[in-house]
Amino acid sequence: MGRLIRVITSRLVQGFVVALAVASLTFVVVNVTPGDLALQIAVARHDLESVTPAMVEQIRKEEGLEGPVMRRYFRWLARTLRFDLGCSLVNGRPVGEELIHRFSYTARLAGAGLLVSFLLAVPLGIASGIRPGRGVDRFSELLSSVLTALPSFVIGVFFVLVFAIKLHWLPAAGFTGIRHMVLPALTLGIGLAALSTRIVATAVADVRSRFYYRFARMKGLGGMHLILRHGIKNAAIPVLTLLGIQFAHLLDGAVVIETLFAWPGMGRFLLEGILARDIPVVQGAGLLIGFTYVAVNMAVDVLCVALSPSRNPGEAPP
Amino acid sequence: MSRSRSILSRNIRLSTGLTLISVVVALSASGPLLEHRALDQNLDQRLKAPSVQMPFGTDALGRNILARLASGGVNSLVLSSLCVTASLIIGVLLGLTSGWLTGSLLDKSLLRLVDIAMAFPGLLLALLLAGLLGGGPAVVAVALIFTGWTDYFRLARSLTVVGRTAPYVEAGRLSGFSGFFLLRRYILPKVLPHLSVLATLGMGKTILYISSLGFLGIGLAPPKPEWGAMIAESLPYMRQAPHAIIAPAGAIFLTILGFYLTGQALARNAGRQGAA
């Protein structure tokens, strides 16, 4: 139990620090770069012609944008920690609503990408790990060397050139049907599989060399039962640990892939916010991405503690 | 048998990697000579397919793609070497100090700082920093160093924590040698082979980040050529002129592959030395 609590607290602290860092960064940007946030909010709410100085002052008061720097900073932090994200400076819509909408698109893309990478990496990784150094292993090693050197936008552009432009099989961009999801999901999944194939292979090869596995073989177990019961279960811990790293690749890839395929997800929302200097959008998307990342890592930590056979000293065996 | 085979495959990796890096460096070395051609627009020559005069054809503004590749290569290579060197120096100095003073306040605060830098996926962090602070080479460099130093820090720290309790280090400490001397004489040589691996792989990763940032429209400002930005600029013309995309995509791929293969070969070498 002790380990579990420690793992969860440290991730919760990390989540809090992420919120603090995003809020501080956006605050610095608002205060250092030229431009008046109150004026920008006023223009977003009404329109450029009808804004009067009185309205700007009104908004400055309402939004807590006046007073000494430190007071404004703490107000800004408090608002962020209450998830009061405000409205977009570009179209005046509430950032929170838009985020939920965008998040669902990214989740769909991520789910499909993970599925693709799972379907590729698990069979190929197991086949490589069972016979290290042989043909399949060397092939998958070469393949993942090549694929890790390909940025996701290069893979994506290649797919668009071949499948959308040359062969006309699939649409190049958009988000209306399942057909639109094939190319982005493949791009994301192949990039992820490059890494996870090797992780699975190493984990399987490691388990294979362990004593309990050799013992199970000596008992006369063989084939699928041996691999599933003694192999996969024990190989799962390193694979899970690296799932956290995988997730970082997934989020990094999402920004690039969503931009390339015009997929209306969270990553593209963040990029649009950055390019338009739409601070509330940047803040909202940054917070959500950071929290998702920390939450996934927390889940991975908890699963690892739960799967790990080693216990704390002094704790009764189950 | 299997051993000689693994050495062979390591040498193939190393030689392929080094060849690719040399080709890219040689191409980029001609970049400064081709600088004006990389920016010269010629609207009669838009989106021309590769020919003898223009080995990689021209882009949407009739600019010579080969010259742009070379010129973009200089920018990417110089910027990423700077970032890797700076991250390495910062990471190693802090890592050695932190590992030597394990458990101290400094060590604890540095570990917290690493936690913060790693609480966000690398490219997104660089995107957020570089994008909000306004782009340009200096800002991109700061963002990449901030995301990059943690790897070197963690490696140097963990090797120092292990190394400081070794008998010969203890003996040195009892003989009255300073911590600085012991770190430099006994710990640093253990860290260096691993660092060369990490730095080579780091070059590949940094080039990947720079080109991704360029592709997303953040980074080195146009019209200065950048490989990722060249792809983004040519996307609307991918039907008429796929070569304008394939050329920079190939350059990115081969450069990163070169660094990764070299790094992997060095990693096996370091692993073998460590095992021996």
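# Close-up views of a predicted two-chain model

**View 1. The end of chain A, residues 311-318.** In this predicted model, pLDDT remains under 50 across residues 311-318 of chain A. For this stretch the model has three contacts beyond four places in sequence. Where pLDDT is low, the predicted coordinates should not be read in detail.

**View 2. Chain A and its confidence.** The mean pLDDT of chain A is 79, and 87% of its residues reach 70 or more. Among the elements of chain A, the lowest mean pLDDT, 68, belongs to helix H9 (residues 211-218). The highest, 88, belongs to helix H11 (residues 266-275) of chain A. Chain A has twelve helices and zero strands. Its 318 residues include 39% that count as buried. Of the contacts in chain A with a separation of 6 or more, 73% join residues 24 or more positions apart.

**View 3. Helix H7 of chain A, residues 152-166.** This helix has 15 residues. From its first C-alpha to its last, H7(A) reaches 20 Å, close to the 21 Å expected at 1.5 Å a residue. A bend of about 25 degrees occurs in H7(A) at Val160(A). Val160(A) is also one of the buried residues of this helix. After H7(A) comes His168(A), with a positive phi near 60 degrees.

**View 4. Residues 24 or more positions apart supply 72% of the contacts in chain B with a separation of 6 or more. The mean pLDDT of chain B is 82, and 90% of its residues reach 70 or more. Within chain B, confidence is lowest in helix H2 (residues 35-39), at a mean of 69. Helix H5 of chain B, residues 122-133.** H5(B) has twelve residues. Its reach from first C-alpha to last is 16 Å, close to the 16 Å expected at 1.5 Å a residue. Eleven of the twelve residues of H5(B) are buried, so this helix is largely enclosed by the rest of the structure. The buried residues are Gly122(B), Leu123(B), Leu124(B), Leu125(B), Ala126(B), Leu127(B), Leu128(B), Leu129(B), Ala130(B), Gly131(B) and Leu132(B). H5(B) is followed by Gly134(B), which has a positive phi near 105 degrees.

**View 5. Ala126(B) and the largest nonpolar core.** The largest nonpolar core has 156 residues. Ala126(B) and Leu127(B) have the most contacts inside this core. H8(B) gives the most to the core, with 16 residues. Leaving aside residues up to four places away in sequence, Ala126(B) touches Ala143(B), Leu144(B), Thr147(B), Tyr209(B) and Leu213(B).

**View 6. Pro189(B) in helix H8 of chain B.** Pro189(B) lies in helix H8 (residues 179-215) of chain B. Pro189(B) counts as exposed because 10 other C-beta atoms lie within 10 Å, and the cut-off for exposed is 12 or fewer. Pro189(B) and Trp149(B) are 40 residues apart along the chain. Their C-alpha atoms are separated by 19 Å.

**View 7. The contact between chain A and chain B.** This contact takes 33 residues from chain B and 34 residues from chain A. On the side of chain B that touches chain A, the elements giving two or more residues are helix H4 (105-118), helix H5 (122-133), H8 and helix H10 (243-275) of chain B. H10(B) gives the most to this side, with nine residues. By class, the side of chain B that touches chain A has 23 nonpolar, eight polar and two charged residues. For the complex, the predictor gives an ipTM of 0.80 and a pTM of 0.84.

Methods: Residues are numbered from 1 along each chain as its sequence is written. Chains are lettered from A and ligands numbered from 1 in the order in which they are written. This is a predicted model: local features need pLDDT of at least 70, side-chain atom pairs count only at pLDDT 80 or more; totals for chains, interfaces and linings use all residues. Two residues are in contact if their C-beta atoms, placed from the backbone, lie within 7 Å. Helices (H or I, at least four residues) and strands (E, at least two) are DSSP runs, numbered from the N terminus. A residue is buried if 20 or more other C-beta atoms lie within 10 Å of its own, exposed if 12 or fewer, and partly exposed in between; C-beta atoms are placed from the backbone. Ala, Val, Leu, Ile, Met, Phe, Trp, Tyr, Cys and Pro count as nonpolar, Asp, Glu, Lys and Arg as charged, and the others, Gly among them, as polar. A nonpolar core is a set of buried Ala, Val, Leu, Ile, Met, Phe, Trp, Tyr and Cys residues joined through C-beta atoms within 7 Å. The expected span of a helix is 1.5 Å times one less than its number of residues. The bend at a residue is the angle between axes fitted to the seven residues ending there and the seven starting there. pLDDT is the predictor's confidence in each residue, from 0 to 100.
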